[in-house]
Amino acid sequence: QVQLVESGGGLVQPGGSLRLSCAASRSIFSINYMGWHRQAPGKERELVATITSGGSTNYADSMKGRFAISRDNAKNTVYLQMISLKPEDTAVYYCNAAQWDGSNWYNYWGQGTQVTVSS
């Protein structure tokens, strides 16, 4: 089991930046994927970014070039650096951990942090 707690959300103007943090209750060194998803009002949850235990990253097309996911294993923390924020980025952002044990995927989710992009 792992508990995930997001922080860093808030209100930001269009074009601004935020860095979200996801603090895990245990080591994330061996977790296959850490990621961020978001859900805007009235919209389906969507992938934002993932990072593997080896450091490989993947981004949704709309986030490429603006968002960057990283992990600090020593701090058991995953980050999402967001720049050039747009109103359409407004959503609740959720941290996710996914671990494959050889037979099954185990998924864990944080409670989310609100990001609001508005002038």
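A contact is defined here as heavy atoms within 4.5 Å. Among contacts in the protein with a separation of 6 or more, 54% join residues 24 or more positions apart. The model is predicted: local features need pLDDT of at least 70, side-chain atom pairs count only at pLDDT 80 or more, and totals for chains, interfaces and linings use all residues. Residues are numbered from 1 along each chain as its sequence is written, and side-chain values use heavy atoms, with hydrogens and water left out.

The protein contains eleven strands and zero helices. Both are DSSP runs numbered from the N terminus (helices: H or I, at least four residues; strands: E, at least two). The radius of gyration is 14 Å, close to the 14 Å that the globule rule gives for 119 residues, so the protein is as compact as a globular protein of that length. This radius is taken over C-alpha atoms, and the rule is 2.2 Å times the number of residues to the power 0.38. The C-alpha trace spans about 45 × 30 × 25 Å along its principal axes.

Of the 119 residues, 42% count as buried. Buried means under 20% relative accessible area, exposed over 50%, and partly exposed in between (1.4 Å probe, protein chains only).

Two loop residues other than glycine have positive phi. Asn-76 has phi near 55° and lies in the loop between strand 7 (67-72) and strand 8 (77-82). Ser-84 has phi of about 50°. Ser-84 sits in the loop between strand 8 and strand 9 (91-100). Its relative accessibility is 37%, so Ser-84 counts as partly exposed.
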